[in-house]
Amino acid sequence: MTARLGGDEFAFCLAVRDQASAERKSSKIHRAIMAALQATDVSATCSLGAATGTDFTGTLLTADQTMYRAKQGGKSSWRFNSAQIPGHR
């Protein structure tokens, strides 16, 4: 499932076997988006935050915070986090 959250933020939800699989898929998605952007005349970057979890809302919040950490680390980067936000299950 893919959804636009607003502005230039999008979210996607994937079923994965384990954390290692989630990290590999996140990296592959980031590389594919960057390749597509670089193949155009559009000057754009992609910062990606990924997270695993069983609670949709908590996982989405974790991924959003992780994406902002990726942006702080520099344009066109990605980060992964498997921890849930405290207070969320």
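How many helices and how many strands does the chain have? In this predicted model, the chain has two helices and four strands, and, read from the N terminus on, these elements follow the order β-β-α-β-α-β.

**Overall dimensions**

- The radius of gyration of the chain is 13 Å, which agrees with the value near 12 Å that a compact globule would have with 89 residues.
- Taken along the principal axes, the box filled by the C-alpha atoms of the chain comes to roughly 45 × 25 × 25 Å.
- Of the 89 residues in the chain, 28% are buried.

**Strand 1 and strand 2**

- Strand 1, which spans residues 2-6, pairs with strand 2 in the antiparallel sense, and four bridges connect them.
- Among the residues involved, threonine 2 has phenylalanine 12, in strand 2, as its bridge partner.
- The hairpin of strand 1 and strand 2 has two residues between the strands, and within this hairpin glycine 7 adopts a positive phi near 55°.

**Strand 3, helix 2 and strand 4**

- Strand 3 (residues 48-51) and strand 4 (residues 78-81) run parallel and are joined by four bridges.
- The chain passes from strand 3 to strand 4 by way of helix 2 (residues 56-72), and the β-α-β crossover formed in this way is left-handed.
- Within the pairing of these strands, leucine 48 stands opposite tryptophan 78, a residue of strand 4.

**Nonpolar surface patch**

- Phe12, Leu14 and Val16 make up a nonpolar patch on the surface, and their accessible area together is about 230 Å²; phenylalanine 12 is also the bridge partner of threonine 2.
- Leucine 14 belongs to the loop that lies between strand 2 (9-12) and helix 1 (19-38).
- Leucine 14 counts as partly exposed because its relative accessibility is 43%, a value that falls between the limits of 20% for buried and 50% for exposed residues.

**Glycine 74**

- Glycine 74 is found in the loop between helix 2 and strand 4.
- With a relative accessibility of 24%, glycine 74 is likewise counted as partly exposed, since buried would require under 20%.
- Glycine 74 and alanine 51 are 23 residues apart along the chain, and a separation of 19 Å lies between their C-alpha atoms.

Note on methods
Residues numbered from 1 in each chain as written. Predicted model: local features only at pLDDT ≥ 70, side-chain atom pairs only at ≥ 80, totals over all residues. Heavy atoms only, no water. Patch = residues over 30% accessible without salt bridge, like charges linked within 9 Å, V, L, I, M, F, W, Y side chains within 5 Å. Areas by Shrake-Rupley, 256 points an atom, 1.4 Å probe, with all protein chains shown as cover. Salt bridge = Lys/Arg side-chain N within 4 Å of Asp/Glu carboxyl O. Buried < 20%, exposed > 50% of the residue type's maximum accessible area, 1.4 Å probe, protein only. Pairing = 2+ DSSP bridges. Right-handed = clockwise from strand over helix to strand, strands pointing away. Rg over C-alpha atoms; globule rule 2.2 N^0.38 Å.
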